[in-house]
Amino acid sequence: MSVATTSGGAASGSPESRRIVLLRHAKADWPEVSDHERPLADRGRKDAPVAGRRLAGTGISFDLALCSSAARTRETWKLAVGELPHRPRTVYEERMYEASLGELIALLNEVSDEVRDIVLIGHNPGMHALADALTGEAEGDLLARMNRSGFPTAAFAVLGFTGSWKAVEHGVGTLVDFWTPHS
């Protein structure tokens, strides 16, 4: 499914201020199933709604959620989105599972400029690599904290940037928030 179209309301004219939230799935269990079908562990089922409440506290009203098709990301998003005041359109994206940094940037480049704020629900090392790569500037010690923590399960990073989604590339964003459930 293409991520290029969605409802939303960016006005044409001056460059649009946008936000990207990168949410790593909550703690997964290790039952005898394929990696793609691994469910959340008990701790993950507790942490995901907490992450959702913290996301709600950012005040960001997401226009679009891109979620990996893996069971643990779908379950994380289901538990987190229930805590948000507004449920964004969600696309379950096969290409996010085991995506490289370049593939994640390419997905963002496909997003319609009608989308102002987006949340990606994915996996490490991709979420951490994408947050690190997009960060050109960071508020306070956020980048150092993010890199020290290693981007644990149920953590999220918030990056702001100005311009088109087609212009998303290394160093384009400012890291404005980083949160982990057990810090």
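**View A. A salt bridge joins Arg53 and Glu83.** The side chains of these two residues meet at 3.6 Å, N to O; a salt bridge here is a side-chain nitrogen of Lys or Arg within 4 Å of a carboxyl oxygen of Asp or Glu. Arg53 sits in helix H1 (residues 42–57) and Glu83 in the loop between H2 and strand S3 (89–93), so the pair ties together parts that are 30 residues apart in sequence. Helices (H or I, at least four residues) and strands (E, at least two) are DSSP runs, numbered from the N terminus. Both partners are partly exposed: Arg53 has a relative accessible area of 45% and Glu83 one of 31%. Buried means under 20% relative accessible area, exposed over 50%, and partly exposed in between (1.4 Å probe, protein chains only).

A note before the next views: this is a predicted model, in which local features need pLDDT of at least 70 and side-chain atom pairs count only at pLDDT 80 or more, while totals for chains, interfaces and linings use all residues. Residues are numbered from 1 along each chain as its sequence is written, and side-chain values use heavy atoms, with hydrogens and water left out.

**View B. Arg54 of H1 pairs with Asp177 of S7.** Their side chains form a salt bridge of 3.2 Å, N to O. Because Arg54 belongs to helix H1 and Asp177 to strand S7, the pair ties together parts that are 123 residues apart in sequence. Arg54 is partly exposed at 28% relative accessibility, whereas Asp177 is buried at 15%.

**View C. Arg95 meets Glu93.** This salt bridge spans 2.8 Å, N to O. Arg95 is partly exposed, with a relative accessible area of 38%, while Glu93 is buried, at 4%.

**View D. Arg72 is a buried residue in helix H2.** H2 covers residues 71–81, and the relative accessible area of Arg72 is 5%. UniProt lists Arg72 under "binding site" in an unreviewed entry; its positions are given in the numbering used here, feature names are shortened, and annotations may be inferred rather than shown by experiment. Asp35, Arg38 and Arg72 are linked in a network of salt bridges. The backbone oxygen of Asp35 also lies 2.6 Å from a polar atom of the Arg72 side chain. Leaving aside neighbours within four places in sequence, the contacts of Arg72 (heavy atoms within 4.5 Å) include His25, Tyr97 and His123.

**View E. The largest nonpolar core has 30 residues.** Such a core is a set of buried Ala, Val, Leu, Ile, Met, Phe, Trp, Tyr and Cys residues joined through side-chain atoms within 4.5 Å. Ile20, Leu22, Leu108, Ile118, Leu120, Phe151 and Trp165 touch the most other members. Among the elements that each supply at least two residues are strand S1 (17–24), helix H3 (101–109) and strand S4 (117–122). Another core, of 17 residues, lies apart from this one and includes Leu55, Val81, Phe156 and Trp179. Zoom in on Ile20 and, beyond its neighbours within four places in sequence, you will find contacts including Leu108, Ile118, Leu120 and Trp165.

**View F. Helix H4 is largely enclosed by the rest of the structure.** Seven of its nine residues are buried: Gly126, Met127, His128, Leu130, Ala131, Ala133 and Leu134.

Note on methods. A polar contact is a pair of N or O atoms within 3.5 Å; within protein, one must be able to donate a hydrogen and the other to accept it, and residues adjacent in sequence count only if both atoms are side-chain atoms.
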